[in-house]
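Me: I have a chain open here and would like to go through its inside. Can you take my questions one by one?

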Amino acid sequence: MVYGMNRQQIRPSVFSHPYLLLCLGCMLVYASFSAGQAEAPLPLRSVLLPAICTALGTAWFMARYCICGSSHLLSVLTVIFSAACVLCAAMLCLLSSHPLSALTLLLLLMLAAAGFWEYRQQWLSDQATCILLGAGAFFLHACYILYTSYLTRQHDVFPVSQSEGHQAYILYFVDHNFALPDFAPNKVWEFYHPPLHYFLSAMWVKLQMFFGTNTETAIENVQFLSLFYSCAVIILGYRILQALHLKGAALTLPFAILCFHPMLILLAGSINNDVLCLALTMASILYAIRWYQSPTVKNILLLGLFLGLAMMAKSAGVLAAPAVAVLFLIRLIKGKGKRRGLWKQYGLFLLVCAPLGLWWSLYGKIRFQMPFGAISALAKNNPQYLGTDTPLQRLFSIDWQHLTVFENWDWQNQVFEHNLFTALFKTSVFDEAKLFTGGVGLCFSQVLFWTNILLAAAAFVCMVRCAVQVGKSGSLQPYRSEVLFCGVLYGTCMAFYIWFCFKQPFACTQSFRYIFPTVLVGTVGIGAVLQEHRPRAVTCALALLITLFCVCSAGVYLLLGTK
């Protein structure tokens with residue numbers, strides 16, 4: 001016992017407010033790299049500030065944690081060793097030609113060492129494992145945004161001098177004191193989007209400019225908001241897995257996929273509205289499950305709030321609505337004698353969700369005759385146009401001659417990926433970028449690409465097995481409604497993706513970022529199979545595949561910072 005607390009009590013007290021810890025972490029990174037990008041060599045402040053905070057945090061945590069079940073000598077030695085590692089990291093980063101990737105690699109290795117030490121002490125609980133994985137994800141996301149500018153690997157983002165694109169939408173609110181556009185939003189590129197993300201980003205930009213930051217750097221630092229959102233997605237994913245009562249390897253292995261998924265790393269560096277919409281969608285999924293399990297007014301109000309805000313961030317937030325509607329219907333069918341109260345709750349849900357989710361579309365329609373679902377469409381003479389390919393070609397034909405693990409398109413040779421599913425696998429791990437042309441980076445990328453395909457196939461098999469087993473007596477039977485919810489969510493996302501690719505037949509519409517919730521469904525499927533106490537060979541195979549996926553993902557995006 002230390003300070004009246006035992007080992008099991010310390011972690012919950014420290015990590016019971018993960019969003020606050022995440023916010024503090026983002027603020028620490030911003031304070032260390034307020035210019036928005038890392039330099040080589042790193043300024044002394046950028047190394048010493050996180051090093052000192054890490055040393056103090058390590059000393060505090062280990063001194064309180066280790067003494068609970070180990071000798072004072074071991075505690076002191078552990079603290080000294082950790083502090084020495086931090087100082088070595090600081091020196092290495094000051095001298096290295098690629099300091100940011102070196103610092104991140106050392107932090108990841110320290111987390112791995114901490115996990116191994118806890119495992120040897122038999123203290124490595126599910127929560128401890130997930131904390132270490134989440135910390136690793138944060139470091140990797142932070143590293144990525146610091147070597148990625150606001151003009152690199154973005155979607156429809158242009159220099160701040162231009163008057164169209166996502167950065168222009170943000171600056172419009174900055175320059176017009178947060179007034180809504182007084183012109184038809186669909187007439188300016190990317191202004192058709194609902195304004196939540198741009199309004200929040202404008203507040204952050206304006207705050208920075210108040211303290212003397214120039215416009216371009218302030219826009220660059222919008223990535224810190226995306227860093228928070230992307231890591232919030234991971235926290236929400238953990239809570240969703242917990243809400244489905246996954247434990248042990250059934251919790252930690254699926255969570256590792258979320259922590260190191262390349263798409264979340266890429267979204268952390270974006271300044272558009274995709275990652276905010278995703279975070280709010282994940283929150284609505286979490287509260288849909290919580291409401292179904294405990295149909296209280298609080299849960300349904302939070303569900304309505306998050307789903308409405310997801311739609312206010314991006315229209316694609318509505319993709320979670322069909323799955324939510326299925327849970328509403330199931331609860332109504334089962335709720336004999338309670339239906340009047342349920343109808344009242346549904347009314348409260350609409351009262352909160354509908355105004356938040358629909359006001360922008362109604363505003364555009366009433367004031368500017370902007371069509372519902374309007375987007376900034378490309379012309380058919382654009383080289384990306386794929387409308388000349390037949391549906392069979394788009395679905396089943398593979399261009400083996402030009403197949404690489406990277407490019408969704410090749411502007412120089414006018415070659416564009418036309419297969420919907422090949423593009424899906426490419427963009428899920430590399431987005432639309434050609435990251436490497438050779439060397440170790442290309443090797444890591446190739447292994448990551450094929451591992452991702454194997455993992456996706458394994459997840460699909462697990463989902464199908466869950467769908468088959470849910471009707472039988474067994475461990476999944478009590479979760480029949482949750483399995484149906486996940487199935488409808490997955491089906492809705494995939495149906496939307498295929499419809500959108502044919503509705504707007506351009507290479508740029510074939511992007512995995514539109515349907516990231518399918519990753520969540522896949523991880524739930526894997527977790528459910530692992531929870532069933534499958535043969536040890538199945539667990540080991542999945543563990544090996546997931547470990548390889550995570551290591552290659554980290555390797556690719558650490559090596560990318562050395563280019």
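This is a predicted model: local features need pLDDT of at least 70, side-chain atom pairs count only at pLDDT 80 or more; totals for chains, interfaces and linings use all residues.

Me: How many helices and strands are in the chain?
Reply: The chain has 22 helices and two strands. Both are DSSP runs numbered from the N terminus: helices are H or I with at least four residues, strands are E with at least two.

Me: What share of the chain counts as buried?
Reply: Of the 563 residues, 53% count as buried. Buried means under 20% relative accessible area, exposed means over 50%, and partly exposed is in between, with a 1.4 Å probe and protein chains only.

Me: And the contacts, what part of them comes from residues 24 or more positions apart?
Reply: Among contacts with a separation of 6 or more, 77% are between residues 24 or more positions apart. Contact here means heavy atoms within 4.5 Å.

Me: Now the core. How many residues does the largest nonpolar core have?
Reply: It has 160 residues, and F430, L435, F485, F516, I526 and Y557 have the most contacts inside it. A nonpolar core is a set of buried Ala, Val, Leu, Ile, Met, Phe, Trp, Tyr and Cys residues joined through side-chain atoms within 4.5 Å.

Me: Which helix gives the most to this core?
Reply: Helix α13, residues 274–293, with 15 residues. The core also draws at least three residues from each of domain 1 (15–34 + 41–145) and domain 2 (164–374 + 439–560); those bounds come from an automatic or database domain assignment.

Me: What is F516 in contact with?
Reply: Leaving aside neighbours within four places in sequence, F516 is in contact with V233, L258, H261, M263, L264 and L278.

Me: Stay with α13 for a moment. Is A288 buried or exposed?
Reply: A288, which is in helix α13, counts as buried because its relative accessibility is 1%. Beyond neighbours within four places in sequence, A288 is in contact with L303, V324, L327 and F485.

Me: Then L303. Where is it found?
Reply: L303 is found in helix α14, residues 297–313. L303 is buried, with a relative accessible area of 0%. Apart from neighbours within four places in sequence, its contacts are S284, Y287, A288, V324, F328 and F349.

Me: Where is V297, and is it buried or partly exposed?
Reply: V297 is also in helix α14, but counts as partly exposed because its relative accessibility is 39%. With neighbours within four places in sequence left out, V297 is in contact with Q345 and L348.

Me: Change of topic. How many cavities of 30 Å³ or more does the structure hold?
Reply: Two. On a 1 Å grid over the protein atoms alone, a cavity is a set of points where a 1.4 Å probe fits but cannot get out, and lining residues have an atom within 4 Å of a point. Grid points are joined across faces, edges and corners, and a volume is the space filled by probe spheres set on the points.

Me: What about the largest cavity?
Reply: It holds about 150 Å³ of space. Its lining has 15 residues, of which C277, A316, R513, Y514 and P517 lie nearest its centre. Helix α13 gives the most to this lining, with four residues.

Me: And the second largest cavity, what volume does it have?
Reply: About 60 Å³. Its lining includes R153, H155, D274, D431 and R513, and helix α12, residues 262–268, gives the most, with three residues.

Me: Last one. Which loop holds E190?
Reply: The loop between α7 and α8 (196–210). E190 has a positive phi, near 75°, in a residue other than glycine, and counts as buried because its relative accessibility is 4%.

Key
Residues are numbered from 1 along each chain as its sequence is written. Side-chain values use heavy atoms; hydrogens and water are left out. On a 1 Å grid over the protein atoms alone, a cavity is a set of points where a 1.4 Å probe fits but cannot get out, and a pocket is an open set with protein on both sides within 12 Å along at least five of seven lines; lining residues have an atom within 4 Å of a point.
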